[in-house]
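Thanks for coming, everyone. Let me put the assembly on the screen, and we'll walk through who touches whom.

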Amino acid sequence: MDFLLDIKTAMLPEAIITFTILVCTVLCFMLKQEKQKIIYLISLLGLIISLTSINLLAANKIFTGFYNSFTSDFFSILMRFLILSGTLLVIIMTKDYSSKFKNRQGEFYLLMLIAALGALLLSGANDLIMIFVALEALSLSSYALSGFLKKDKSSNEAALKYLIFGGASSAIMLYGFSFLYGITGHTNLTEIFTYLANNNTDTMLNFTFFLIIAGFLFKVAAFPFQSWAPDVYEGAPVPVTAFLSTVSKVAGFAILIKFIGLAFNNVEIITVTLGLIALLSITIGNFMALNQMNIKRLMAYSSISQAGFVLIGFALLSYSGISGAIFYLISYLVASLGAWLAIIIFNTQTNKSLISDLNGIAYRNPYFATCFAFCLLSLAGIPVTVGFMAKFYLFHAIVQEGPAYLWLLILALLNTILSLFYYLKIIKAMFVCKQENESFKLNFDAGILNTSLVALTLVVVLLGVLVTPFIEIARDSALSIKLPVKQVGLSR
Amino acid sequence: MEFLSLNILIFAPLIVAGIILSPLFPNDEIIVRRFAKGFSGILFIYSILFMIFFKPYNTGYQFKETIKLFSNTNWIEPLGISLSFGLDGISVMLVVLTTFLVMLALIASKKSITTKHKLYYSLILVLTTAILGIVTSRDLFLFFLFWELELIPMYFLISIWGTGKKEYSAMKFVLYTFFGSLFMLGGILLLNYFHFLNTGIYTFSIEALTYSRHYDIPFIVKALIFLGFFIAFAVKLPIVPLHTWLPNAHVDAPTPVSMLLAGILLKMGGYGLIRFNTQMFPEMIKIFAPMLIVLGVINIIYAAFIALAQKDLKLLIAYSSISHMGFVLLGLGALNTIGITGAMFQMLAHALISAGLFLIVGVIYLRTKTRIFSHLGGLGQVMPKAFYFTMLLALASLGLPLLVGFAAEVMIFYGAFTSNSLDGFILSNQFMTALAAISIIITAAYLLWMLQKIFMGNMFEKWQKAYDLTPQEAIALTFLSIPIVLFGLYPEGVTSLFLPFVDNLVSNLAL
Amino acid sequence: MEFFINNVWIIPALPLWSFLLILFGRIFNVYENKYISLALTAGSTFIGFISSIFILFYCINNPETSTQYNILWLDTGNLKFSIGWLVDNLAAMMLVVVTSISLLIQIYSHGYMEQDKGYHRFFAYLVLFNFSMLALVLSTNLFQTYIFWELVGVSSYLLIGFWFYKPSAAQAAKKAFIINRIGDCGLLVGTLALLFYSLNWWTSSQNILLEFATLGQAGSLALANAGPVLFGLLALGLLFGPIAKSAQIPLHTWLADAMEGPTPISALIHAATMVAAGVYLIARLYPVFELSPQIMTIMVWVGAITAFIAATIAITQTDIKKCLAYSTCSQLGYMVLAMGVGAYSAGLFHLITHAYFKAMLFLCSGAVIHSLADQQNMKYMGGLRKKIPIVAYTYLIGTLAIAGLFLSGFWSKEAILLSLYIQGKNLLLIIALITAFMTAYYMFRSYFMVFEGEYRGHAHFHKPSKIMTVPLIILAVPSALIGFIFSGSLKSIGIGSFDSFIFYGHALHEAHVSLFLPICSLIIATLGFLLAGIIYWDKLKSLYCNCFKLVEKYFSPLYKLSTNKWYFDDFNNLLIKYLILPISELISIFDKYVIDGFINLCGISTLYKGKAVSLLQNGNIQTYLVTALLSFIAIITVVFLIYII
Amino acid sequence: MELGLVHYLILVAILFCIGILGLIISRNIVKILISIEILLNAVNINFAAFANFGDLDEAKGQVFAIFIMAIAAAEIALGLAILIACYNNRHSIDIEDYTSLKS
Amino acid sequence: MEVLQFLFFGMFALVIVISALGAIFCRNIIHSIVSLVITFLSVSGIFILLNADFLAISQIIIYAVGITILLVFSLMFTTTKDDNKLWLAFAPRTILAFVVAGTLFILLMFNITNKFTDFNINPKSFITKAPKESTIELLKKQGTTPIIGKQLLTKYVLPFEILSILLLGVIIGAAVIAKKDTNEKNRASESA
């Protein structure tokens, strides 16, 4: 009966979130339409409590709960912190947007919480079944969320596409899991690794590795499985898109990292393939974004290319590579949340999402424009922002692999130019082009949304300047993953 | 002496830019402009103090400053990046030059900037910080950071206040420089990695990486790093194949911005070539010196010929500045004291002259709203002061003795002719310098043709009411012509600043 | 006396000082009065003249003096550039000539430019020219000469283009400067080569870089290092400077156009001083030229051809100033011929005498033009002897001098012909004599057309003011007598001959004086005078009608040839129009479309690639699935093919 | 002929490929959902086979199969709900009509 | 005994493959659902062969019955006029689909048989461990239910609990999306 102990040491946030879910369900059915606001407050409260409860967890020791199906090491704590803060911000985003879901606001927050729970569990899951269930919890609730505006044609279509594509890729992943189970006979990851460590394996293991990776590449919207992302991001309601592009991507990367150790006997294959996949996803993301006119679609393509950059970090299979990827993930999360926040502020008030609608907005709302510009510059990797530091740290990690991977570095560098082009396109629209109706002005008073945007921009800039603590965090989390991977890089 | 801290010099413009942008600063145009001009004046005087207290004869950095975090560790400890600044032989001159030209640009931007004043002046000040940062940073990463930081203000300055197809040229400028700087990033990272391989510590400090020649980097990698740096600076100091951004950027930028662009930004390329390619890789520069000289001569002749055929005044001056920067390359390729001193002196000379010429172009454009030669003619009768100043600038630009252009050209010619950096090469130094000497004829041709076309000859009746120089422009132009004449008469004043630096540079080239 | 030698820097410093005074005076318009500018310029030149007279006497008294004083201007490692002033016989003589002529011309130009509103500007440029010319004369090393060489070129540019609102003046100024610039480029490359091949001479010994004193040893070292062919090229480069400056044959076209400037300027710069600077530089660089015989022959032939061609062109000129300009060009040809053939002192002697009488001739033509309200075409003049007798008679003295009839021109030209005769260069002697004949012809032709016969013009005539005629008279004295005084015939009274004062190497021994050469040159000169008289003098009109048509018929091709100035100008324009401008046009098109085009191409191609790739995103979920699975399986098969099998 | 693990694996492979085929070819959305179900069934058989031949003591494969069944059911339910919502808006269940979102 | 088992397996495999193909390639949707039901039933047969009896029963309950009813219900809601149009998509992607399916199959066979080398019936790359005697008696007596029960509540208790929350979410989501709105008036405003 040591479950309570397990919860206390490893899974406190998940427990709190489950409790809030239950409370919300009850309230959903009791309260009528206009009093649904309370659910918004409760979910906020739940998230904040779980956020604070994270630092109760011990960061330096590794705890496993529920028969080793969930581990809480420093890495999973960091990931859970990112997921919870991401969901918190997404829910704050939906404050004004929720007027669109007439009498179903409560359900929206509920599904969001369930998705968040799925993501939390995914970041710590250590068992194949646990991974599958958590992944499906996250996916199914996000299918439902993306189809939430049932009267809106594009939302329906987005949900349909997301479901079909998600179903197919999770089937492929399951097929991979079955073969992995077949080869090792265990479903627990630690047992699998010990089994693989002392038995030689053959091509079957590599094939299973690819099958499994397929599922996660879908989740992270990287090269082969990325074509769903633009349509779903455009069709789904904006807060859901923000959720998909940030939190579910972080969860996807969190679990992808665990499977990297799978084919440790021939590391060469993994580095080359993952590097290839990463580069292709960057290039395709950039090329498609070049002459894109819709902001949401453009942000979708940019998130595909950013995912490619994080994948490069993982492809290097070295501690410095993984810490570079984690740091890049943090910077991506912060910057894209800021960008989505800005888009949602603009969208709720003007209900338009074309770049040309943003023309000349900098001269009516200078603060909004500067915050949005800073977030975009961070995504592009221009100095002073965290994006620049992240890109520099990542390229630094690539070079650590010796001149053999110079091709990876050069191609990644060239792609940053393409990405700069389309990010500058938005900034140009805001600052340089003339505005049609001079009178139009966003109300950018001190609402919760606007303050959080300003806060995020400050974080983007501050992280860009005071970088050392965050690099330390990325390094410790990389070390705590205990991957059977080359020890080079983090010698200090 | 201790009140002279580089941190104030570099970050003061950034803070003032913030103050100007902040909402509580009055939005009235005149107050903003006066405040900005006043500040730039103070900054200029402050940088003059640095020059005065600078002791040219002890080598290495002076006024060393390292900003430590509160926990007394370097800026980014894990990667070995430190926020450290310092003044060296060459950076003193460039710092003073930057603050001087920024002051002049602000003085001259009264008429040509009509909208969004607060944003304009703060962007200029951010640009100043970026340039000062480039010149004084002692850390490769910091250098790269300021190098990239300088793109954004320039982008906005050209695209918001420019004329013609300004977005296109602004975007072209940013993407071009970004393309170049990426190669430099590759070089920096490789350099850091090999330093780590040999000494086990990560560091980006320029001194450590320069004076640690004891470890061996394989030749190919060293060549790659050298070329990486070279391409970034080749884009900035426009070397011919990579120069096509300059004409567009100049034609479409507003006058003060193109003054700054021509005056300081082109010098960053020259500064980089000296600081990184010559100081950090002495044995590589000896191998690549022939390439430098050949490219320099191509630059000079190619751009001079194009300038002859230009229909637009600003394009003519843009191509003439490409040709003059070719001299810097020639001087550098000579790899002897006189050559490199000549190259640095040419950077100073060209900065002053091209800033003046662009100011004149601005003056003419303001009156006549056109820069095409066929529409202009006989302005000398209506604008005598402008005519005399342009005459002085044109003569200085074509290398009239006792003006600053001549001293630079003489040093470069004597240096390039007597150097032996091209010994193993079929084309001898002497032939290449003779080829470059032909350019003084072509330069004289297109500059005097420009003077004759615009100011002399009979006047178009529509330019009847063109008013002469306004006080601002007159002050700016006199401020420019004083150093042009002064340093022309007495070049020793400036060369004594960076001669010792060049001496030990050439001495460690030899070993 | 030593006072003047030691601080000879006053002579160039004063004009510089007055230039600055006029400049700042006018910028802050401290004064309006014209006389102050005149006083400043004339004063500084007068003091210069007095001190140069003292220096000349000092040099005559104790020969072999060459005091030198240098300051370090620019120290760059092993090459140290310095500026200073050198006083020796040649410099002293040139100082006197330059200061005296410029003093008189400044007084004259006060009268000439009285009404012009750019008066102060004119005098500022004048005094700037004075400064640069005097400094050029006093310079100790080749580097300093190059500096003031270009400064002189610039001041001539400023003065030619003084009336810049006239398009032709602007064009002429630009042409003059660019052609001078070509010469400077040659000079620069020559100096660089000389320095390079004798580098260890300069860096090892402690003497000043490229100083004239030790140029001989350096030249011989350079010859040893570079070998005769390269040394010849080097010397040719050095020769390019004088060829451009003294308007020798390939680069002479600018001198005729330079007449666009005000006449005192043509007198001062394009007759007496600046064009003589070329010959002065040859004199200074003589030790280098002497080392390579080929260069001497080139110099001789350039001089001879210039003299001949310029004379033929001058014959058919109708514009009085252009005629005088081409006569200067031909006389300069004479001087270069003399220097080339080794007659160092004869050439310089001709330079002195020519400076005086040519300056006077130009001033007379200035007076004539001024009085006929800027009418320059001789066809519309005539019969002015009665109206302005002083100008007429001074003009006559000038013509006699230049033609070589008894006055100073005869003695200096005689010296040149003598040296030609001694060296036995007969072909050159014949050319020189033919040129002498043509000189006499066109000078008297211009005299008769302007001053004899009846007045053909219709402009209202007004007498030139007193201030313009006085300098003419003063100038008439030296232009008449200098030749005789220095020809050595007055040795008994203590005034030694010119070549005893200025010589190269060793003092020339007394050459045997045979009367044959002076007599035949006198005969040739009178023949020229008679021919001109027959054609243009109304007294001998009777013979005029038939032989003119005779000339017309037989020599028409020659006539046409000389009026279009041997098609040099057209050749230059063709060269520019069909060679240099098309090249630059081609390169600028290449630059705009090929290099820039390539960059734009990359930009556009990436945009189209973007469009092509985004076509894949056609909205149908099943296409997405197929593409996803296909690429996934493709990656797996590729990886398996490479790694597993 | 002996009945071994490989026969089941081959059966599962065939069924899986049929599922993939159906997923891409069919125009009726219901058929697409059906083919997803076929895929998941194939995986179930695979798990059961490994459980039977591998570790019958703990039969972890069968536990996994049960979880898969549950979630498959949930997924098809959600799929049909979305299908009905789509039908309400566009009155068609042909996948070709749902291509309005494209770049 | 083995022959009988093999015969049964052969029969079930054949039925599964044919009915699966039928489910996909039938023109009429009702026919494809019926063939789908047959597939589900034969899959449960396979489970029995693999002595996974609990699985077989749950398969029948969940798939054969539950999902089929769901499908039929959804068909009732979405009655479309022209049925035959919706047969197969005659577009380039069908050929590609066959290519993908074929290569996937070959890849699978390549890997299962470890580069076409090990063709015996129990490929070595997968573990084959005979069960202990006690499990065999247990199986004979009570079947696999106790084993699965024990596993579910000890080793996999966390996924089990989370599964409940997942199903809760799906129920709410499906209800929200599928339910038609009661009041017609705000439909127009909502779809704006």
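This is a predicted model: local features need pLDDT of at least 70, side-chain atom pairs count only at pLDDT 80 or more; totals for chains, interfaces and linings use all residues.

Start with the overall count. What does each side put in? Chain E brings 76 residues to the contact, and chain D brings 67. Six helices of chain E each supply at least two residues to that side: helix 1 (2-25), helix 2 (29-49), helix 3 (53-77), helix 4 (92-112), helix 6 (145-153) and helix 7 (157-178). Helix 3 of chain E gives the most, with 12 residues. By type, the chain E side has 54 nonpolar, 17 polar and 5 charged residues.

Now chain D against chain A. Here 32 residues of chain D meet 35 residues of chain A. On the chain D side, helix 1 (5-25), helix 2 (29-53) and helix 3 (60-90) each give two or more residues. Helix 3 of chain D has the largest share, 16 residues. The makeup of this chain D side is 21 nonpolar, 7 polar and 4 charged.

Which chains stay apart? Chain B makes no contact with chain D; their closest C-alpha atoms are 24 Å apart. Chain B does not touch chain E either, and there the nearest C-alpha atoms lie 37 Å apart.

Last, chain E by itself. Its domain assignment lists domain 1 (1-88), domain 2 (92-128) and domain 3 (132-179). Taken over C-alpha atoms, the centres of domain 1 and domain 2 of chain E are 24 Å apart.

How values were computed
Residues are numbered from 1 along each chain as its sequence is written. Chains are lettered from A and ligands numbered from 1 in the order in which they are written. Domain bounds come from an automatic or database domain assignment. Two residues are in contact if their C-beta atoms, placed from the backbone, lie within 7 Å. Helices (H or I, at least four residues) and strands (E, at least two) are DSSP runs, numbered from the N terminus. Ala, Val, Leu, Ile, Met, Phe, Trp, Tyr, Cys and Pro count as nonpolar, Asp, Glu, Lys and Arg as charged, and the others, Gly among them, as polar.
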